[in-house]
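Try each task yourself, then follow the solution step by step.

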Amino acid sequence: MSPYRQNLITRLNLLLAFAQRLDLNQLSNGQWEKLRKDLVYIVYDRKKVTAADRNFMKIGSILEARGPLLDAVNDLHSGGAADLHLGQQDVIISAPEGKPFSYSYLPADLTTALWGSLAYLLDKAEIGREDLLECANPTCQLPYVKESANPMHSGRIFIPARRPSKVVYLESGETRIPQSKRAFCSQRCARIVAVRDYRARLRGDAQKHETVKEKERKRGKQRYRKKVLKK
Ligand SMILES: [Zn+2]
């Protein structure tokens, strides 16, 4: 992947992760600062947080922007359109020598900045609905969400760095990503599921072992009986 596209995907994933955060009411100051850093990177493609950014990204504004963003992400994932109202903003067109014109928006409020960024980044990264995957760890968002709390999905929606190559189409019309091609939103989720699978396999093996032993015992008994009866 080109560094340009990688940058867009990284920023999009940060934005998707922000929209799906359910722990905003229990963040420490350090976590707020880390979140601001992500938001600055999403909107301005810059890593340093300035005093002006802190002023622009007040906690109230961050909280306000998140809910509708989440609705938009869910709508896009399920195939509906997302309708987000933008406030006032300027568009800055730059004219670098030897390069194509480029533009960026300068929004007057954070909500407009984030909603505009979602549209801009999805467009620039040439993302389609099939690129919005759901994390294959069903307990991805625990402890914040119980599995049944969201009937639509329990794993986080994200964009994989690489597309899973093979998708299986079931007769029911459903699509299923084969076990080896499952996609995870993070290393953490991949690890959790790997451990869970490993334990299940161990349990399965132990059970198989027991059944084999049981069969052997029965066979042994039969052989013994035959021997005894012959006599
Ligand atoms: Zn996950």
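**Exercise 1. Decide whether Arg66 is buried, partly exposed or exposed.**

Solution. This is a predicted model, so begin with the neighbour count that it gives. Arg66 has 18 C-beta neighbours inside 10 Å. A buried residue needs 20 or more, and an exposed one has 12 or fewer. Arg66 therefore counts as partly exposed.

Next, place Arg66 in the chain: it belongs to helix 4. Leaving aside residues up to four places away in sequence, Arg66 touches Phe18, Ala19, Arg21 and Leu24. Take Ala19 as an example: Arg66 and Ala19 are 47 residues apart in sequence, yet their C-alpha atoms are 5.3 Å apart in space.

**Exercise 2. Work out how helix 1 and helix 4 are oriented to each other.**

Solution. Start with the axes of helix 1 (residues 3-19) and helix 4 (residues 59-78), which come within 8 Å and cross at roughly 110 degrees. Angles of 65 to 115 degrees count as roughly perpendicular, and helix 1 and helix 4 are therefore roughly perpendicular to each other. Their crossing is left-handed.

Now look at who meets whom. Helix 1 brings Leu16, Phe18 and Ala19, while helix 4 brings Arg66, Leu69, Leu70 and Val73. Sorted by class, the residues of this contact are six nonpolar, no polar and one charged.

**Exercise 3. Describe how helix 4 and helix 5 pack.**

Solution. The two axes, of helix 4 and helix 5, come within 8 Å and cross at roughly 30 degrees. That makes helix 4 roughly parallel to helix 5. The crossing of helix 4 with helix 5 is right-handed.

From helix 4, the residues in contact are Ser61, Ile62, Glu64, Ala65, Leu69 and Ala72; from helix 5, they are Leu110, Thr111, Leu114, Trp115 and Leu118. Eight of the residues in this contact are nonpolar, two are polar and one is charged.

**Exercise 4. Which residues have the most contacts inside the largest nonpolar core?**

Solution. First, a general point: in soluble globular proteins, nonpolar side chains tend to be buried together. In this model, the largest nonpolar core has 33 residues, and those with the most contacts inside it are Leu15, Leu16, Leu69, Leu114, Leu118 and Phe158. Helix 1, helix 2 (29-44), helix 4, helix 5 (110-124) and strand 4 (157-158) are the elements giving two or more residues to this core.

Then follow one of these residues. Leu69 touches Ala19, Leu114, Trp115 and Leu118, again without residues up to four places away in sequence.

**Exercise 5. Step back: how many helices and strands does the chain have?**

Solution. The chain has six helices and six strands. Read from the N terminus, they run α-α-α-α-β-β-α-β-β-β-β-α. Of the chain's 231 residues, 19% count as buried.

Terms used: Residues are numbered from 1 along each chain as its sequence is written. This is a predicted model: local features need pLDDT of at least 70, side-chain atom pairs count only at pLDDT 80 or more; totals for chains, interfaces and linings use all residues. Axes are lines fitted to C-alpha atoms, for helices over the stretch in contact, and angles run from 0 to 180 degrees between N-to-C directions. Helices (H or I, at least four residues) and strands (E, at least two) are DSSP runs, numbered from the N terminus. Angles under 35 degrees count as roughly parallel, over 145 as roughly antiparallel, 65 to 115 as roughly perpendicular and the rest as oblique. A crossing is left-handed if the near helix is turned anticlockwise from the far one by less than a right angle, and right-handed if clockwise. Two residues are in contact if their C-beta atoms, placed from the backbone, lie within 7 Å. Ala, Val, Leu, Ile, Met, Phe, Trp, Tyr, Cys and Pro count as nonpolar, Asp, Glu, Lys and Arg as charged, and the others, Gly among them, as polar. A nonpolar core is a set of buried Ala, Val, Leu, Ile, Met, Phe, Trp, Tyr and Cys residues joined through C-beta atoms within 7 Å.
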